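Below is a short note on one structure, written as numbered points. Please keep the model open while reading.

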Protein chains: 2
Amino acid sequence: MQIAVLLYDRFTALDAIGPYEVLSRLPGAELVFVAEQPGPVAADTGMLALSAGAIGDVPHPDIVLVPGGPGQEAQMDDGPVHEWLRKADAASSWTTSVCTGSLILAAAGVLAGRRATSHWLALERLREFGARPTVARVVIDGKYVTAAGVSAGIDMALGLSARIAGTPTAQAIQLMMEYAPQPPLNAGTPFTAPPGLVSRMRMRSRHPQRVE
Amino acid sequence: MQIAVLLYDRFTALDAIGPYEVLSRLPGAELVFVAEQPGPVAADTGMLALSAGAIGDVPHPDIVLVPGGPGQEAQMDDGPVHEWLRKADAASSWTTSVCTGSLILAAAGVLAGRRATSHWLALERLREFGARPTVARVVIDGKYVTAAGVSAGIDMALGLSARIAGTPTAQAIQLMMEYAPQPPLNAGTPFTAPPGLVSRMRMRSRHPQRVE
């Protein structure tokens with residue numbers, strides 16, 4: 001089972017590494033990082049890079065995963081990455097994203113008519129590309145599985161693991177990574193965070209959008 | 001504020017990247033990955049490597065962070081890494097670990113007499129090095145902050161961020177990474193996972209130990 005994680009300049013590392021940590025533990029999994037330009041790909045902080053192979057070398061992965069990050073804006077135009085996504089999606093068992101990765105999938109045309117989620121600040125933009133923005137941490141519509149912002153990729157990957165390999169295998173992965181989260185604060189969604197903080201982030205965002 | 005994340009062959013990527021994603025967002029943070037041998041350091045899956053600088057180039061970080069992983073076993077003997085940890089700890093504001101990273105800190109001698117946690121399968125081993133095993137997701141004893149297995153590093157880093165930069169800053173980081181986890185299964189601790197699974201993991205572990 002081949003899993004291809006698309007990287008691009010200024011991706012958010014946890015978007016990719018959360019699901020990697022889960023999905024790479026599935027029996028028979030071969031997880032590869034791929035990019036339009038093979039080599040080191042810098043994350044959004046500039047403090048970390050991951051090595052990637054070439055998208056052309058992985059034409060038909062079983063699972064496609066697109067992380068988000070501020071670099072997503074530069075991945076919205078048609079070109080080799082979108083072509084790869086469309087071809088990979090045509091043969092994939094699962095096409096997935098984390099955070100604003102869903103905007104890239106949608107821009108490539110593979111989420112038309114699908115329910116999908118994204119980072120809360122970007123969710124409404126899915127509509128521009130014919131997808132149906134859905135407020136949920138993980139949205140499954142057929143083989144399309146999209147997760148909300150950054151950390152939601154861990155939940156997405158665990159749920160996907162249960163579907164692919166069965167609940168006992170997913171439970172074993174969860175126990176080994178001791179995934180029983182206890183956030184010390186309660187500001188993880190725009191519904192629970194201080195309203196002033198939510199407003200400031202919407203203002204600061206280059207794409208202030210309504211969240212349904 | 002310099003944050004040094006120690007890498008070594010066969011570390012677990014999420015142990016390092018979970019806290020990285022949080023701590024690198026702190027105002028003024030400069031997060032660097034360091035290793036005894038600079039260059040690419042392979043994670044435990046063999047499917048990912050992170051580039052590291054040399055430990056000798058970062059002698060006095062404000063925060064030291066040691067991730068865990070199966071490669072921890074090869075980091076238990078005294079030598080350049082332990083020497084670096086002791087010197088860095090002598091000047092650090094915070095000395096921290098995720099998962100079995102606490103065993104490395106303890107073996108280096110910096111957790112003597114301290115309450116600390118670790119991956120649930122390794123917790124009891126802390127006692128061999130004079131630390132006091134404590135069942136908790138995050139344990140804070142003075143400037144020593146240890147987290148339980150793998151994913152617990154995210155909770156640890158958020159709590160630490162609140163102490164360092166204040167609650168509003170930590171809330172902003174939590175909201176941007178949409179950290180409001182919803183695990184789709186409830187097997188994240190040995191107390192909630194199916195007992196048969198817990199038993200099998202204890203048997204399989206090379207270090208079957210009692211968890212208090």
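1. Contacts first. Two residues are in contact if their C-beta atoms, placed from the backbone, lie within 7 Å. By that rule A:Gly69 touches A:Arg10, A:Phe11, A:Thr12, A:Asp15, A:Asp44 and A:Thr100, leaving aside residues up to four places away in sequence.

2. Basis of the note. This is a predicted model, in which local features need pLDDT of at least 70 and side-chain atom pairs count only at pLDDT 80 or more, while totals for chains, interfaces and linings use all residues. Residues are numbered from 1 along each chain as its sequence is written, and chains are lettered from A and ligands numbered from 1 in the order in which they are written.

3. Confidence. The pLDDT is the predictor's confidence in each residue, from 0 to 100. Chain A has a mean pLDDT of 96, with 97% of its residues at 70 or more. Residues 208-212 of chain A have a pLDDT below 50, and this stretch has 15 contacts in the model beyond near neighbours in sequence. For the complex, the predictor gives an ipTM of 0.95 and a pTM of 0.95.

4. Helices (H or I, at least four residues) and strands (E, at least two) are DSSP runs, numbered from the N terminus. A:Gly69 sits in the loop between β5 (63-66) and α2 (80-91) of chain A. A residue is buried if 20 or more other C-beta atoms lie within 10 Å of its own, exposed if 12 or fewer, and partly exposed in between, with C-beta atoms placed from the backbone. A:Gly69 counts as buried because it has 26 C-beta neighbours inside 10 Å. A:Gly69 and A:Phe11 are 58 residues apart in sequence, yet their C-alpha atoms are 4.4 Å apart in space.

5. A residue in chain B. B:Asp9 belongs to the loop between β1 (2-6) and α1 of chain B. B:Asp9 has 17 C-beta neighbours inside 10 Å and therefore counts as partly exposed. Not counting residues up to four places away in sequence, B:Asp9 touches B:Val41, B:Ala42, B:Gly71 and B:Ala74.

6. Strand β10 in chain B. In a regular strand the side chains alternate between the two faces of the sheet. In β10 (residues 144-147) of chain B, B:Tyr144 and B:Thr146 lie on one side and B:Val145 and B:Ala147 on the other, and all are buried. Two strands pair if DSSP finds at least two bridges between them. Strand β6 (residues 94-98) of chain B runs parallel to β10(B), joined by four bridges; B:Thr95 has B:Tyr144 as its bridge partner. Strand β9 (residues 138-141) of chain B runs antiparallel to β10(B), also with four bridges; here B:Ile140 is partnered with B:Val145. β9(B) and β10(B) form a hairpin with two residues between them, and B:Gly142 in the turn has a positive phi of about 65 degrees.

7. Strand β10 in chain A. A:Tyr144 and A:Thr146 point one way from β10 (residues 144-147) of chain A, A:Val145 and A:Ala147 point the other way, and all are buried. Four parallel bridges pair β10(A) with strand β6 (residues 94-98) of chain A, including the one between A:Val98 and A:Ala147. Four antiparallel bridges pair β10(A) with strand β9 (residues 138-141) of chain A, including the one between A:Val139 and A:Thr146.

8. Relation of the chains. Chain B can be laid on chain A with an RMSD of 0.0 Å by a turn of 180 degrees and a shift of 0.0 Å along the axis, which is the relation of a two-fold axis. Copies are superposed by least squares on the C-alpha atoms of residues with pLDDT of at least 70 in both.

9. The interface. How many residues does the contact take from each chain? It takes 51 residues from chain B and 51 residues from chain A. Among the elements of chain B that give two or more residues to this side are α4 (152-165) and α5 (167-176); α5(B) gives the largest share, seven residues. Since 100% of the interface residues of chain B are also interface residues in chain A, the copies meet through the same surface.
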